[in-house]
Amino acid sequence: MEELARRAGITVRTLRFYRERKLIPPPRREGRIAWYDDRHLARLRTITALLERGHTLNGIAELAEAFDHGRDVGDLLGMDTPTEETPVRLTPEELADHFTGEVTPENLAAAMDLGYLGTDGEEIVHISRRLLEVSSALVREGIPLAEVLRAGREVRAHAETMAGLFAELILRHAPEDAVHRLRPLARSVVDAELSLAMDRRLHQRD
């Protein structure tokens, strides 16, 4: 416990408090010996990063409880399972392969905060294969993962607004069960408008 606390940059007293609050999983026991591993260290560093981002211990405890009991990210956010996005299960090593050198406690905390990442046992769950592939492609092009996540937060805010606009439009003029059937049309409008907007931006730079 002392070695784990030292490597995590916290006191043993704080570590005991985290254990009592069930913020970290219990150690593996062999007789009277309790073994901690890199999984515990990663959790502690993530807790520190989340606290620095302004999260409360109660909120972090809720995240930890959900992750340790296998609830998916949709459950954690209070949403139904996404109907068009496919979650991806990854080992920590596979996640590191997607974002070489960028899997830091700060970036993990930001991805958890966005709801991109959750855990299920020893596996990591990414909420969307498409988002995983796009974000890893951007990182391979030299864009820092922290910047990709920051942009993702801004895009989400705009996406929520657009989703509300289309849902209200459809529900005002069509049956409620038409929302899922017509959502590809809404996505096509957004895709076309984004393409046109990119054209305008690139034209302005010429």
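Student: How many helices and how many strands does the protein have?
Tutor: The model under discussion is predicted. Its secondary structure elements are numbered from the N terminus. The protein has five strands, and the number of helices is 10.

Student: What share of the residues of the protein counts as buried?
Tutor: A residue is called buried when its relative accessible area is under 20%. The protein has 206 residues, and the share of them that counts as buried is 29%.

Student: What share of the contacts with a separation of 6 or more comes from residues 24 or more positions apart?
Tutor: A contact requires heavy atoms within 4.5 Å. Among the contacts in the protein with a separation of 6 or more, residues 24 or more positions apart account for 63%.

Student: Which residues of helix 8 are buried?
Tutor: Helix 8 covers residues 129-140. With 12 residues, helix 8 reaches 16 Å from its first C-alpha to its last, close to the 16 Å expected at 1.5 Å a residue. The buried residues in helix 8 are Leu132, Ser135, Ser136 and Val139.

Student: Why do these residues lie on the same side of helix 8?
Tutor: The buried residues in question are Leu132, Ser135, Ser136 and Val139. They lie on the same side of helix 8 because the arc they cover around the axis is only 100°.

Student: Is serine 136 buried or exposed, and which residues is it in contact with, leaving aside its neighbours within four places in sequence?
Tutor: Serine 136 belongs to helix 8. Its relative accessible area is 2%, and therefore serine 136 counts as buried. Leaving aside neighbours within four places in sequence, serine 136 is in contact with His98 and Phe99.

Student: Which residue just after helix 8 takes a positive phi?
Tutor: At the start of helix 8, a side-chain oxygen of serine 128 comes to within 3.3 Å of the backbone nitrogen of arginine 130. Just after helix 8, a positive phi of about 105° is taken by glycine 142.

Student: Which residues of helix 3 are buried?
Tutor: Helix 3 comprises residues 38-52, and its 15 residues reach 21 Å from first C-alpha to last, close to the 21 Å expected at 1.5 Å a residue. The buried residues of helix 3 are His40, Leu41, Arg43, Leu44, Thr46, Ile47, Ala49 and Leu50.

Student: Which residue has a side-chain oxygen that reaches the backbone nitrogen of arginine 39 at the start of helix 3?
Tutor: Just after helix 3, glycine 54 takes a positive phi of about 100°. At the start of helix 3, the backbone nitrogen of arginine 39 has within 3.0 Å a side-chain oxygen of aspartate 37.

Student: How many salt bridges are counted, and how far apart are the closest N and O atoms of arginine 28 and glutamate 30?
Tutor: The cut-off for a salt bridge is 4 Å between the side-chain nitrogen and the carboxyl oxygen. By this rule there are four salt bridges. In the one between arginine 28 and glutamate 30, the closest N and O atoms are apart by 2.5 Å.

Student: Are arginine 150 and glutamate 147 buried or partly exposed?
Tutor: The side chains of arginine 150 and glutamate 147 meet in a salt bridge, 2.5 Å from N to O. Both residues lie in helix 9 (residues 145-173), three residues apart, about one turn of the helix. The relative accessible area is 45% for arginine 150 and 40% for glutamate 147, so each of the two counts as partly exposed.

Student: What separates glutamate 168 and arginine 172 along helix 9?
Tutor: The side chains of glutamate 168 and arginine 172 meet in a salt bridge at 3.3 Å, N to O. Both residues are exposed. Because glutamate 168 and arginine 172 are four residues apart in helix 9, their separation is about one helical turn.

Student: Which residues form the aromatic pair?
Tutor: The structure holds one aromatic pair. This pair is tilted, with 6.3 Å centre to centre and 50° between the planes, and its members are phenylalanine 17 and tyrosine 18.

How values were computed: Residues are numbered from 1 along each chain as its sequence is written. This is a predicted model: local features need pLDDT of at least 70, side-chain atom pairs count only at pLDDT 80 or more; totals for chains, interfaces and linings use all residues. Side-chain values use heavy atoms; hydrogens and water are left out. Helices (H or I, at least four residues) and strands (E, at least two) are DSSP runs, numbered from the N terminus. Buried means under 20% relative accessible area, exposed over 50%, partly exposed in between (1.4 Å probe, protein chains only). The expected span of a helix is 1.5 Å times one less than its number of residues. The arc is that of the directions from the helix axis to the C-beta atoms. A polar contact is a pair of N or O atoms within 3.5 Å; within protein, one must be able to donate a hydrogen and the other to accept it, and residues adjacent in sequence count only if both atoms are side-chain atoms. Rings of Phe, Tyr and Trp (its six-membered ring) pair if their centres lie within 6.5 Å; planes under 30 degrees apart count as stacked, over 60 as edge-to-face and the rest as tilted.
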